[in-house]
Amino acid sequence: MSKIYLSVIIPSYNEKINLRKGILDKIENFLSRQKYLSEVIIVDDGSTDGSIDLVEEFVKDNPRFSLIKTSHFGKAGAVTSGMLKAKGEFALFMDMDQATPVEEVTKLLPLIKEYDIVIGSRGSKRQGDPWTRLLMARGMILLRTLIVGLHGISDTQCGFKLFKKSVSNKLFSKLEKFHNGYKIISGSSVKAGFDVELLLLARKMGYSIKEVPVEWMYVESRRVSPVKDSVEALEDLVKIKVNDLKGKYKNL
């Protein structure tokens, strides 16, 4: 039996608009043209907009795709659930909106055998990004460096990250254990702290990380609130720093 080479994990929370754009068809079209075997795991994070019905219909006719249904734990919980279920030699998590299209994985795969983790980087020029988002991004870089001390990574927040499966199993298992599982939340939650904590833990576990420039285009989202998200990001970074100072990441 042939082994799956690449697992693609996509968290989905109220993504009806993006799903109606034919996002899943585009992903299937790309993967069907590759020489390697792949799977796509969509993790529905307790959607309430009927988008899960669209995913279920697509999965019926596309055997490469599968669906995991969870309660509404937020992106961190959804990504973790999918990554731990992945069967591929390598596992990529990405966003449903395809701000970074799946095709960009061709830039990451050549490096994944040399490094444990290869992450996409949007760079300083982000196509279509409003000034508020650019300001948030630059502020995040400064605060992340000053508070957490995560150096050498210019873009922790790009939702396009590839892992050796052996690495992701250990990393996400430890992260899930650290949080004692994930708690049910209300409303949308794309916590800035998730990616920072993930990469900080990876560094502490001795994993090598390579950053690669990828194509990225701003996609309008009702979930981004500059003031609210910036305050939450600061709170997350402080919590991560406190946990680190207390040595909580060392014994995982």
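**Exercise 1. Find the residues with the most contacts inside the largest nonpolar core, and say which elements build this core.**

Step 1. Start with the term: a nonpolar core is a set of buried Ala, Val, Leu, Ile, Met, Phe, Trp, Tyr and Cys residues joined through side-chain atoms within 4.5 Å. Buried means under 20% relative accessible area, with exposed over 50% and partly exposed in between (1.4 Å probe, protein chains only).

Step 2. The largest nonpolar core has 36 residues, and F93 and I117 have the most contacts inside it.

Step 3. Now assign elements; helices (H or I, at least four residues) and strands (E, at least two) are DSSP runs, numbered from the N terminus. At least two residues of this core come from each of β2 (38–45), α4, β4 (90–94), β5 (117–121), α6 (131–148), α7, α8 and α9. The largest share, seven residues, belongs to α8.

Step 4. A second, separate core has 32 residues, among them I23, F30, L162 and V212.

A word on the model: it is predicted, so to speak of a local feature takes pLDDT of at least 70 and a side-chain atom pair counts only at pLDDT 80 or more, while totals for chains, interfaces and linings use all residues. Residues are numbered from 1 along each chain as its sequence is written, and side-chain values use heavy atoms, with hydrogens and water left out.

**Exercise 2. List what I117 is in contact with, leaving aside neighbours within four places in sequence.**

Step 1. Contact means heavy atoms within 4.5 Å.

Step 2. The partners of I117 are I112, L162, F163, V167, L171, A202, Y207, S208, I209 and K210.

**Exercise 3. Which residues of helix α2 are buried, and why do they lie on the same side?**

Step 1. In α2 (residues 23–32), the buried residues are I23, L24, I27, E28, F30 and L31.

Step 2. These residues share one side of α2 because they cover an arc of only 165° around the axis; the arc is that of the directions from the helix axis to the C-beta atoms.

Step 3. Their packing partners are β1 (6–12), α1 (16–20), β2, α3 (51–61), β3 (65–70) and α5 (105–108).

**Exercise 4. Describe the surroundings of S38.**

Step 1. S38 sits in strand β2 and is buried, at 9% relative accessible area.

Step 2. Not counting residues up to four places away in sequence, S38 touches I4, L6, L31 and R64.

Step 3. S7 is 31 residues from S38 in sequence, yet the C-alpha to C-alpha distance is 5.7 Å.
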